[in-house]
Amino acid sequence: MAGLTARIDAALEGEIAAGRLPGAVLLVARDGLPFHAAVLGRLDGAAAMRRDAIFRIYSMTKPLVSVAALMLMEEGRLHLADPVGAYLPAFAAMRLPDGGAARPMRVYDLLTHTSGLTYGERSAVPAVREAYAGLPVNPRGVAPQAFAAGLAGVKLLHPPGSAWEYGFSTDLLGLVIERIEGRRLGEMLRERVFAPLGMVDSGFAVAAGDAARIAQPFAADPLTGAAWQVPSQTFDPTVAPLMDSGGAGAVSTAADYLRFARMLLEGGTLDGVRILSPASVRLMCADHLGARAAGVGEAAMQSPGYGFGLGLAVRLADGGASVPGSRGDCFWSGTAGTSFWIDPARRLAVVFMAQAPGEMRLRLRRLVRQIVYQALD
């Protein structure tokens, strides 16, 4: 077994030696116990990587916010069938690219990414791209009211409920949660999720005294040599955001996020602290879209074989995918190279943290799966 886990470090060290990866933290838990830990490479080009390094997790914010929404559902304060316009009236009457009216988007559509919202640069429809032109890729620097007003004015890429499309759905879900709670999303998550789970380094900003722990990407894409063109790839976490971006604004450590992953794996409870009911976790980790989820796995990992639940991709079968895994495993990732998954069949929870944006993030997601599963008995 020791030789098989040694392969994990060797594979990651190979990426670091080749100049494709600055550094990484990988934590693997099995049956609720530590299975393997790797802390490799550099934190910021100078200092060595550290186990408590803080990472920009981008879209790994989305599962955190999805859990928060399901907590409100369990309390009867939110219904997944509710129209978004019931909480945010500006979203009551959205339009399609041809100018036609769309049926009201529902909270359920936000959780399944079938709202019709997208990230503007992803759309091949000129009218949709133009509508998104003034919206930031990461809305941390925009006041929530201004962001909501801009998003309410875009044209939907498709009718709500008809197709999976990655975009600002979870940012909008975060605004719904703020409206229900009457406070900022980060405050709700800190009180209801982070503190109960002991996620001491997770949130939407980093205290100035912890700045030395922030992991940094290379200055340029190691695969192309091009400098990063998207400012959100290197946002400064020590600057307090105007908006707690539910889709891409949080930071965390590998140890913190592993506690979140283990909570999901254990059916909503960790170390005697209940965050969700087992029924809600099953709902979250079930495929909700069938054929409407076409492209989820390809977009997230260049692999077929995945459907989509409530904020997470869900593996549909043991086979049918180009990466190892088990039917029912759930995962999501972040644009800077972070990723996590749980595999109930193998009693496995894995968190990989790196700051490696660009095409490297796809390579790393596949690589980490391959090297973790080969180490299992």
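## Exercises on a cavity and a helix pair

By class, four nonpolar, one polar and two charged residues make up the lining of the largest cavity. This is a predicted model, in which local features need pLDDT of at least 70, side-chain atom pairs count only at pLDDT 80 or more, and totals for chains, interfaces and linings use all residues. Residues are numbered from 1 along each chain as its sequence is written, and side-chain values use heavy atoms, with hydrogens and water left out.

**Exercise 1.** Find which residues line the largest cavity.

*Solution.* Start with the term: on a 1 Å grid over the protein atoms alone, a cavity is a set of points where a 1.4 Å probe fits but cannot get out, and lining residues have an atom within 4 Å of a point. Next, pick out Met301, Phe331, Ser339, Phe340, Trp341, Arg365 and Arg369. Finally, sort them: Ala, Val, Leu, Ile, Met, Phe, Trp, Tyr, Cys and Pro count as nonpolar, Asp, Glu, Lys and Arg as charged, and the others, Gly among them, as polar.

**Exercise 2.** Work out how helix H6 and H7 pack.

*Solution.* Last, look for contact, meaning heavy atoms within 4.5 Å: Gly174, Ile177, Glu178 and Glu181 in H6 meet Leu185, Met188 and Arg192 in H7.

Technical notes
Axes are lines fitted to C-alpha atoms, for helices over the stretch in contact, and angles run from 0 to 180 degrees between N-to-C directions. Helices (H or I, at least four residues) and strands (E, at least two) are DSSP runs, numbered from the N terminus. On a 1 Å grid over the protein atoms alone, a cavity is a set of points where a 1.4 Å probe fits but cannot get out, and a pocket is an open set with protein on both sides within 12 Å along at least five of seven lines; lining residues have an atom within 4 Å of a point.
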